[in-house]
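Dear colleague,

I am passing on a structure that I would like you to look over. My notes on what turned up in it follow below.

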Amino acid sequence: LRIQQAIKRYGTLTALDGIDLEVQQGEFFGLLGPNGAGKTTLISALAGLVRLDSGRIEVMGAEVVRDYRQARRLLGVVPQELVFDPFFSVRETLNIQAGYFGITASRQRDAWIDEILENLDLTSKANANMRMLSGGMKRRVLVAQALVHRPPVIVLDEPTAGVDVGLRQTLWQFIQRLNRDGHTIVLTTHYLEEAESLCERLAMLKAGRIVALDRTD
């Protein structure tokens with residue numbers, strides 16, 4: 001990821017105040033800061049959901065505004081909010097998500113979805129309707145949706161907020177495996193022990209600015 005002089009204002013509020021940041025391929029990178037520091041705005045800009053007032057963001061060389069199709073294919077984002085469609089089962093939700101990226105029905109696609117379900121302990125819920133799931137289970141499905149198109153860059157925006165210890169352990173084992181396989185991981189979290197144990201480098205945001213950037217140790 002390459003972020004250059006990213007500025008975003010909402011009226012008189014400056015959410016991003018000239019962010020410069022690079023995350024190397026294959027890195028496990030942490031983005032920390034208090035509520036309102038600009039972390040989610042930065043992720044939304046990265047995902048193309050928020051348009052910067054000025055600046056530039058690239059995902060593996062694809063510029064988010066100009067090369068938006070390629071940039072989205074390269075990125076998987078797990079949002080903070082529990083967003084789901086109440087009309088579909090877990091498996092149907094993942095099949096539809098795969099279809100958004102042009103991944104048609106195949107044994108390979110089904111095998112990858114089965115692997116995601118197993119690693120996120122969702123296999124028993126595969127045919128359950130989304131509205132019947134607990135909050136923690138819905139969050140697992142959000143993670144699965146972000147992974148279904150095998151993106152090389154995965155962004156996790158507080159993925160373990162309000163979830164049980166079992167999910168945290170299961171999720172981190174799976175994400176660490178993906179990282180070892182070469183995926184770039186960007187994590188925002190308020191659990192400092194997670195950032196300390198998982199991330200190689202950390203950036204700390206405050207009032208839309210990076211106030212610290214260094215190796216975790």
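The lining of the largest cavity divides into 11 nonpolar residues, no polar and no charged ones, where Ala, Val, Leu, Ile, Met, Phe, Trp, Tyr, Cys and Pro count as nonpolar, Asp, Glu, Lys and Arg as charged, and the others, Gly among them, as polar. Please bear in mind that this is a predicted model, in which local features need pLDDT of at least 70, side-chain atom pairs count only at pLDDT 80 or more, and totals for chains, interfaces and linings use all residues. Residues are numbered from 1 along each chain as its sequence is written, and side-chain values use heavy atoms, leaving out hydrogens and water.

On a 1 Å grid over the protein atoms alone, a cavity is a set of points where a 1.4 Å probe fits but cannot get out, whereas a pocket is an open set with protein on both sides within 12 Å along at least five of seven lines, and lining residues have an atom within 4 Å of a point. Grid points are joined across faces, edges and corners, and a volume is the space filled by probe spheres set on the points.

The largest cavity has a volume of about 60 Å³, and its lining includes Leu 1, Phe 29, Leu 42 and Val 186. Helix H1 gives the largest share of that lining, three residues; helices (H or I, at least four residues) and strands (E, at least two) are DSSP runs, numbered from the N terminus.

The largest pocket, of about 880 Å³, is lined by 29 residues, with Val 77, Gln 97, Tyr 100, Phe 101 and Gln 145 nearest its centre. Its lining has 15 nonpolar, eight polar and six charged residues.

Best wishes
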